[in-house]
Amino acid sequence: MSQLDWIVLGVSLIGIVAYGLYKSKTTRDLDGYFLSNRTMPWYLVLLSIMGTQASAITFLSAPGQAYTDGMRFVQYYFGLPLAMVLLCITFVPIFHKLKVYTAYEYLENRFDVKTRTLTSFLFLLQRGLSTGISIYAPSIILSSLFGWNIFWTNIVMGGLLIIYTVSGGARAVAYTQQLQFVIIFVGMAVTAYMVVRLLPNGIDFIDTLKVSGRLGKLNVITTGNTDKGFNWNDRYNIWSGIIGGFFLALSYFGTDQSQVGRYLTAKSVSESRIGLLMNGLVKVPMQFLILLVGAMVFTFYQFNQAPLFFNQTQVAIVESSSYKDSLHIIQQRYSSLSAQKKKLVEQFVGDYKSGRNTDQPVTALKQVNKETEKLRSDFKNILEKEDVNGDSNDTNYIFLRFVVDYMPKGLVGLLIAVIFLASWGSIAAALNSLASTTVVDIHKKFVQLDCTEAQDYSISKWYTFAWGIFSIIIAQFAGNMGSLIEAVNVLGSLFYGVILGIFLVAFYMKSIRGNAVFISAILVEIIIILSFVWPWLTKKIPSVIDKMPSFIQHFMEGMANISFLWLNAIGAIGMIVMSFLLQLVLKKRTN
Amino acid sequence: MINMSDEIKEKVPVFRSWNLWYAFVILFLVVLIILFTFFTNYFA
């Protein structure tokens, strides 16, 4: 990075910390610290909700996802607006009316202490771990690209924000997210403009779309249907997006304290609702635009040679291994194909602009792209060999590699700042929510029942600090997790379905009591986690698995083959059915 | 236990009722999906 980049990065980060401290003034009690005295207008609620959801991973992975798999990832957000509507009808008025600090407080009112504590525990486990990943994910990419020490990158990524999060609580989190969002969008907009500007003369925005569209990258809507029927293992299609995405968004925004804590800061029910509904309106177009940047970067690399592998550290590992010669053969062939690709894409644009038939260059271009992909997978196979043991997923490196290689001085620093700030926005909200749940649902319930307002304020600050340190420690131990945006979503899907199921039973099934819900939650959670680790278990302990009844084996195999997005729906529906049946059994036994 | 039918009386901004807001958000999603379908097909 140049000196100018360092200055831009430093000023942005220090500026945010200073602004967070400046906006830290709040009343010294739980209401002030965790809910900003419930004074926030809808637009700050909206920015806070969006800033909490959009982590660094969103801005790093999404363009890379569009580059490799096309824009169909946007369908994952189709269920979100529907979830916002249901939240506004049910969750928001109840939480506001009860004047709760955390969503889990309501569960004691509705069921009992053990259900509230179990749900809080599931949230703390899931959110604590995923916050660690949220720190590690951008840190490993930046440290790999710039040769920074991962230990210190994790400390800066997860550490500096602790200063204003501990000091100012929810208020500082909301105000800094507002400023962070402005910087993030300026950075992304300038990048999109630069991608088009960097294309050869005479290639405009529409031409860019034509190229990526004909090469299958603008596949925004897909149905998941194959010759053999609907593919349940297909991660992103319109049905998994609307149904699976609906349950995921409902769980995340309705039961995850990192989001509930944002809209509880609103000054009224109306302000909460408008914030959430506006999120439902802007989220899908925003993701569409971020993915479009990735599709444009793909077009850029049709005219310019893309790196064989976007994570150069891994290339260096192979370079120094016994597979060095194989790498050189792959690289030679790759360069020759890239030159062919350039000629073909120019021919395609020429034909298209002069109204000639473009089928021939498109077919040839698709074939060349297929061959380059084959070379990339040959290289990935080398990385996966036991004596190399490299990371064969470079999706998260695509966008930043492009930025570092082609963006002008200053803009690189701004985009690195975007990564830090996006990360800080979601981590700060997570720390605030982890602390509020620990204080309200655990500490004040089991450790210190009677606290003065000053003690509440003080322990809240200490817990925020402690969760910050915990997340950094998790980040230091986080390993190789493939696509990091998916790692966070998979982790969420393992727990969200059950948590959502508990809330849905609470809201809509009045006859079901605490014991039935509590036992069901434990059983369904065990099934969900087992289904996720099933392929691993069948390899590690095949003798134990073989002794199980065949219907269990078939059931678990079926569950293990379902894409993670469906786990939210399965967990929630499983909770509803199991609670209903258990309630019948328990009622009979009581009678 | 809280009763969900106890609607909190607050002025609804922009539209006459919250139901219109909800319909607007859902309609907007439907329009987006239709536009995205055209977008996918047009550039494919």
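Of the 591 residues in chain A, 53% count as buried. The model is a predicted one. Chain A contains 23 helices and two strands. Its C-alpha trace spans about 75 × 60 × 50 Å along the principal axes. The radius of gyration of chain A is 25 Å, which agrees with the value near 25 Å that a compact globule of 591 residues would have. Among the contacts in chain A between residues at least 6 apart in sequence, 86% join residues at least 24 apart.

The largest nonpolar core has 187 residues, and the members that touch the most others are Val297(A), Ile419(A) and Ile502(A). Helix H17 of chain A, residues 411–447, gives this core its largest share, 20 residues.

Leu4(A) counts as partly exposed because it has 15 C-beta neighbours inside 10 Å, while a buried residue needs 20 or more and an exposed one has 12 or fewer. Apart from neighbours within four places in sequence, Leu4(A) is in contact with Lys409(A), Gly410(A) and Gly413(A). Ser336(A) is 332 residues from Leu4(A) along the chain, and the C-alpha atoms of the two are separated by 36 Å.

Chain B has one helix and zero strands. Of its 44 residues, 16% are buried. Where the chains meet, 30 residues of chain A are in contact with 24 residues of chain B. On the chain A side, helix H5 (79–98), helix H9 (205–214) and helix H12 (269–303) each supply at least two of the residues that touch chain B. The largest share, eleven residues, comes from H5(A). By type, the residues on this side of chain A divide into 19 nonpolar, seven polar and four charged.

H9(A) also has buried residues, and these are Thr208(A), Lys210(A), Val211(A), Ser212(A), Gly213(A) and Arg214(A). Within chain A, the buried residues of H9(A) pack against helix H8 (150–198), H12, helix H14 (324–353) and helix H15 (359–384). Their packing partners also include helix H1 (18–43) of chain B. After H9(A) comes Gly216(A), with a positive phi near 85°.

Most residues other than glycine have a negative phi. Asn389(A), a residue other than glycine, has a positive phi near 55°. In chain A, Asn389(A) is placed in the loop between H15 and helix H16 (398–406). Asn389(A) is exposed because 11 other C-beta atoms lie within 10 Å, and 12 or fewer is the limit for that class.

In chain B, Val14(B) has a positive phi of about 70° and is not a glycine. Val14(B) belongs to the segment before H1 of chain B. With 9 other C-beta atoms within 10 Å, Val14(B) is exposed.

How values were computed: Residues are numbered from 1 along each chain as its sequence is written. Chains are lettered from A and ligands numbered from 1 in the order in which they are written. This is a predicted model: local features need pLDDT of at least 70, side-chain atom pairs count only at pLDDT 80 or more; totals for chains, interfaces and linings use all residues. Two residues are in contact if their C-beta atoms, placed from the backbone, lie within 7 Å. Helices (H or I, at least four residues) and strands (E, at least two) are DSSP runs, numbered from the N terminus. Ala, Val, Leu, Ile, Met, Phe, Trp, Tyr, Cys and Pro count as nonpolar, Asp, Glu, Lys and Arg as charged, and the others, Gly among them, as polar. The radius of gyration is taken over C-alpha atoms; the globule rule is 2.2 Å times the number of residues to the power 0.38. A nonpolar core is a set of buried Ala, Val, Leu, Ile, Met, Phe, Trp, Tyr and Cys residues joined through C-beta atoms within 7 Å.
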